[in-house]
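Work through the exercises below with the model in view. Try each task before reading its solution.

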Amino acid sequence: MLTAGQVIRYDASLWRVDYVNNCRARIVPLAKRTVSIDDRTFESEGRGVNISPNSFVEIVTDIEAARTRLELAAVEAEL
């Protein structure tokens with residue numbers, strides 16, 4: 001199951017999991033998109049997408065697993 005804070009690969013690009021409940025996971029693209037309005041150009045966050053929290057996607061960065069690995073490394077360093 002997806003958790004908030006993970007970075008996943010979805011449709012060949014990287015997305016961040018923003019919100020997760022039993023019914024959906026809200027993901028937003030990491031890449032900014034360039035928007036031009038009336039001769040002004042600025043970068044905007046892409047639109048989010050809702051997917052199943054049980055979707056089979058590649059998890060690129062699992063925040064909880066990384067935190068656990070750091071904690072284990074700190075314990076090992078103390079030994």
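Two strands pair if DSSP finds at least two bridges between them. Strands (E, at least two residues) are DSSP runs, numbered from the N terminus. This is a predicted model, where local features need pLDDT of at least 70, side-chain atom pairs count only at pLDDT 80 or more, and totals for chains, interfaces and linings use all residues. Residues are numbered from 1 along each chain as its sequence is written, and side-chain values use heavy atoms, leaving out hydrogens and water.

**Exercise 1.** Find the partners of strand S3 (residues 25–29).

Solution. 
- Start with strand S2 (residues 13–20): S2 and S3 are antiparallel, with five bridges.
- Val-17 faces Ile-27 of S3.
- Four residues form the hairpin link from S2 to S3.
- Now turn to strand S6 (residues 49–51): three bridges tie S6 to S3, again antiparallel.
- Here Ala-25 lies opposite Ile-51.

**Exercise 2.** Which residues make up the largest nonpolar core?

Solution. 
- Such a core is a set of buried Ala, Val, Leu, Ile, Met, Phe, Trp, Tyr and Cys residues joined through side-chain atoms within 4.5 Å.
- Its seven residues are Leu-2, Ile-8, Trp-15, Val-17, Ala-25, Ile-27 and Ile-51.

How values were computed
Buried means under 20% relative accessible area, exposed over 50%, partly exposed in between (1.4 Å probe, protein chains only).
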